[in-house]
Amino acid sequence: MTTTTSAAKMPPQIPYIIGNEGCERFSFYGMRNILTVFMMTSLLLAIPEDLRKAEAKEVFHTFVIGVYFFPLLGGWLADRFFGKYPTIFWFSVIYCAGHACLALFENNLKGFYFGLFLISLGSGGIKPLVTSFVGDQFDKSNRSLAQKVYDAFYWIINFGSFFASLLMPIILKNYGASIAFGLPGVLMLLATVILWAGRKKYVHQPPRGANPHSFMWVVWTALKAGGLGMGVAALGLLLAAFSLSQIASLGIVAAVCLALVLIMGFGGVGASLQLDRARGIHPDEAVDGVRSVLRVLVLFALVTPFWSLFDQKASTWVLQADQMTKPVWFQSSMMQALNPLLVMILIPVNNLLLYPMLERTGLRVTPLRRMGAGIALAGFAWIAAGVLQLWLDEGSAVSIVWQVLPYALLTLGEVLVSATGLEFAYSQAPLTMKGTIMSFWSLSVTVGNLWVLLSNVSIKSPAALAAIKSTGYSEAACLMFFFAGFALLAAALFALVARRYPMQNNYRG
């Protein structure tokens with residue numbers, strides 16, 4: 001009898017990470033999926049009804065922006081000072097405190113918003129670290145199992161999300177907000193305990209400390225060499241200053257986020273134009289690593305329209321569902337349970353049936369092809385949602401069952417973009433920049449939600465209102481078709497850029 005020493009083995013610590021993620025996702029989606037409904041029916045009752053929808057939508061997407069902005073902080077702290085595991089653990093404690101605030105301050109606007117801030121800080125702080133922590137448990141000997149684990153990772157996320165989406169609206173209705181927001185807090189506490197239980201089994205990559213050849217230092221060296229690149233970066237600073245001057249009209253969150261996006265976007269373009277000027281000051285490995293990250297960021301930028309569409313299923317689509325006919329016992333926000341249910345079905349179906357079938361026909365199912373198709377499917381989902389809105393605007397009685405079609409299209413797009421994007425982002429990052437690139441992946445969701453806030457501001461302008469009125473359609477329908485076109489254009493550009501992208505394999509040896 002012979003043994004094969006080269007057979008890839010699954011790391012035994014993976015179940016702890018998967019278990020932690022399942023409980024944490026239940027806690028997050030449990031509170032997130034009832035947030036819009038709770039604000040509409042309780043927290044924001046002091047606001048006139050005609051303004052309440054816009055306010056609830058703005059608060060929701062501001063919260064999501066925070067969740068996907070704070071990964072920058074978590075990634076920096078882990079890479080520079082503490083390492084991934086300690087950072088995840090202590091941000092999880094903050095996360096638990098945020099849930100406690102939601103349960104305790106259900107009738108206190110400032111206390112409730114403080115709880116949302118703590119959850120966005122805690123959830124955002126751990127977000128880039130848990131996914132890259134999964135990748136740290138693998139090396140090149142078992143790298144082939146990593147995509148399967150990322151799929152399982154994404155499956156358990158949606159397992160938690162499914163039960164949260166199905167049960168929490170019922171608990172909110174029958175037992176009140178204190179219980180409905182407290183139960184996710186209990187699950188987050190359990191997630192923290194599971195994470196702690198596996199602490200001696202994990203592969204711990206130590207923090208790298210101050211790195212004179214980090215991503216930011218290489219970019220700064222390239223920019224301060226002067227030339228066209230510095231001019232492009234300076235233009236970004238001027239546009240950012242203009243954005244900050246518009247706080248009164250844009251709102252502080254949208255204005256600040258737009259300013260940061262402009263600085264990072266123009267700074268990245270400027271650095272890429274003259275990156276070779278950093279050679280000699282920084283080692284070639286660091287300069288080449290920055291170039292790899294900047295190439296990936298172009299793709300991430302084109303994924304942001306997908307997140308604009310995806311995250312509105314918990315705001316715009318819930319508000320649309322309120323207008324539809326449904327059983328008396330059915331809550332509008334319960335429709336969101338369809339998304340994780342379909343994800344749990346589609347991930348194994350895609351891996352066991354769809355992808356092998358396409359490979360047999362000669363079509364290579366590469367990560368970038370999956371992601372481009374996923375962005376396009378989100379656009380088609382919003383065309384379907386827009387048609388439903390037109391029916392509602394005509395006064396037709398539309399069953400909530402019709403929302404299954406846009407949910408199915410959006411969910412298939414999600415599986416192709418998000419589950420694939422996690423492993424793609426990790427594999428493309430140089431070993432010294434894992435935390436950086438996973439933070440940028442999360443930041444793409446922030447930018448996606450920024451587009452939603454900016455569109456809500458833009459649509460209130462007299463010119464936009466006049467243009468919408470001339471079409472004969474409602475604001476809701478016009479926005480849905482606008483976002484559909486936004487995604488389809490992004491999908492076409494993504495396909496063009498992806499054709500020239502050089503794939504990397506940056507797993508540890």
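The legends below describe close-up views of a predicted model. Local features need pLDDT of at least 70, side-chain atom pairs count only at pLDDT 80 or more, and totals for chains, interfaces and linings use all residues. Residues are numbered from 1 along each chain as its sequence is written, and side-chain values use heavy atoms, with hydrogens and water left out.

View 1. A cavity is a set of points, on a 1 Å grid over the protein atoms alone, where a 1.4 Å probe fits but cannot get out; lining residues have an atom within 4 Å of a point. The model has four cavities of 30 Å³ or more. At least two lining residues come from each of α1 (14-32), α6 (109-136), α7 (146-175), α13 (284-310), α17 (404-428) and α18 (434-458) (helices are DSSP runs of H or I, at least four residues, numbered from the N terminus). The lining of this cavity comprises 13 nonpolar, four polar and seven charged residues (nonpolar: Ala, Val, Leu, Ile, Met, Phe, Trp, Tyr, Cys and Pro; charged: Asp, Glu, Lys and Arg; polar: the others, Gly among them).

**View 2. The second largest pocket.** A pocket is an open set of points with protein on both sides within 12 Å along at least five of seven lines. The second largest pocket has a volume of about 510 Å³. Of its 21 lining residues, Lys53, Lys57, Glu475, Ala476 and Leu479 lie nearest the centre. Two or more residues each come from α3 (49-69), α14 (316-321), α16 (367-393) and α20 (475-498).

**View 3. The packing of α1 and α6.** The axes (lines fitted to C-alpha atoms over the stretch in contact, with angles from 0 to 180 degrees between N-to-C directions) lie 12 Å apart at an angle of about 150°. That makes α1 roughly antiparallel to α6 (an angle over 145 degrees). In α1, Ile17, Glu21, Glu24, Arg25, Phe28 and Met31 meet residues of α6 including Leu116, Ile119 and Lys127 (contact means heavy atoms within 4.5 Å). This contact divides into nine nonpolar, one polar and four charged residues.

**View 4. The packing of α1 and α3.** The axes come within 12 Å and cross at roughly 160°. The helices α1 and α3 are therefore roughly antiparallel. Phe28, Met31 and Arg32 in α1 meet Phe60, Phe63 and Val67 in α3.

Technical notes. Points joined across faces, edges and corners; volume = space filled by probe spheres on them. Parallel < 35°, antiparallel > 145°, perpendicular 65-115°, else oblique.
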